[in-house]
Amino acid sequence: MSPAGPRSVLLAGGGTAGHVSPLLALADCLRRRDPAIEVAALGTAAGLEARLVPERGYRLLEVPKVPFPRRPSGDLLRLPSNLRRAIAAAEEAVVSTGAEVVVGFGGYVSTPAYLAARRRGVPVVVHEQNARPGLANRLGARMAHGVGVTFPDTHLPNATVTGMPLRREIATLDRAALRAQARERFGLTDAPTVLVTGGSLGAQRLNDAFAGAVADLSAAGVQVLHVTGTGKAFVPAGPSGTPYVVLEYCDRMDLAYAAADLVVARSGANTVCELTAVGLPAVYVPLPIGNGEQRLNARSVIAAGGGILVEDAAVDPAWVRSAVVALATDATRLASMASASASVGERDGDEKLADLVVAAAASGRAAAGGR
């Protein structure tokens, strides 16, 4: 890392894999650049970060979860005092780590981190994963030294398109080279392979639709690797023969991607970016709730021809039997979609975001008189 690079960085984000995965990817990138850098993460005791951050070898400092109610409620009345406690905890983390830059990835944890950093005069860098930014990052971008966005049409001030910071094993994945190893690991054969995943929390709609079509998939010679989400596993009911493998959680998504010919998934930003980075064709089923960001996340890859968007309400066993089977067994179309998917993929988002962190550290030192 250049001499202007930070000696210590505090990363704020958590709750779901959508926040934790890019946080860890940036942490790993900063550590690759400078093995001596101190990297810590700010998160809650209840989110995925409580397990994943320490497992990756980084220190986790806890901050109270402060939801922002959208309707009048007791939580709304308690918001000012809850936020004060969270800001105090975040400020203590900034001081105890000696952070020269605070990087936020959105969500409950980031708002107190941004406000604590401003109070301490520490530069802020924001990364927004979704096409439509959330409340925390809209606030953070107003005080940030650098703003990285995943998608070019994300509207935040002074934004730089960095893409999504991806895990190294995803960013460097050669699917063809690992296909045989991956299929052996999951007990799969050489048949056309569909990966079904609803993200870290799973997707009940996808789970139910595929569970109801196991026999038809087998009859068509289509094998499935199905990641259901924790607590949502089921026993496939159908004839033995073509494999149907069910996992609650997959800790080697690189191998899952290497095994797959087609993916059926929600269109969370991290999922879209991983699939395009590795050049996988996909059927995207955006969540029917929220602010519509999942539909926007998949817009570029669908426009390029690397994906298909299907409404949540249309996903049922009959749809799997017809549309999914037809696509999974059309090798020519899948090859064309794979090429189109790869054409919009970005593999070095971690490096580009790290560049913004280095620039923010240099700016902070200059403002402090070069200390």
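Me: Why is Lys352 called partly exposed?
Reply: Its relative accessibility is 31%. Buried means under 20% relative accessible area, exposed over 50%, and partly exposed is in between (1.4 Å probe, protein chains only), so Lys352 counts as partly exposed. Keep in mind that this is a predicted model, where local features need pLDDT of at least 70, side-chain atom pairs count only at pLDDT 80 or more, and totals for chains, interfaces and linings use all residues. Side-chain values use heavy atoms, without hydrogens and water, and residues are numbered from 1 along each chain as its sequence is written.

Me: What makes Lys352 and Asp348 a salt bridge?
Reply: The closest N and O atoms are 3.9 Å apart. The term asks for a side-chain nitrogen of Lys or Arg within 4 Å of a carboxyl oxygen of Asp or Glu, so the pair qualifies. Other salt bridges share partners and join Arg32, Arg33, Arg168, Asp350, Glu351 and Asp355 into one network.

Me: How do you know that Arg56 and Asp28 form a salt bridge?
Reply: Their closest N and O atoms are 2.3 Å apart, so they meet the cut-off. Arg56 sits in the loop between helix H2 (49-55) and strand E3 (59-62), and Asp28 in helix H1 (residues 17-33), so the contact ties together parts 28 residues apart in sequence. Helices (H or I, at least four residues) and strands (E, at least two) are DSSP runs, numbered from the N terminus.

Me: Why is Asp28 called buried?
Reply: Asp28 has 19% relative accessibility, so it counts as buried.
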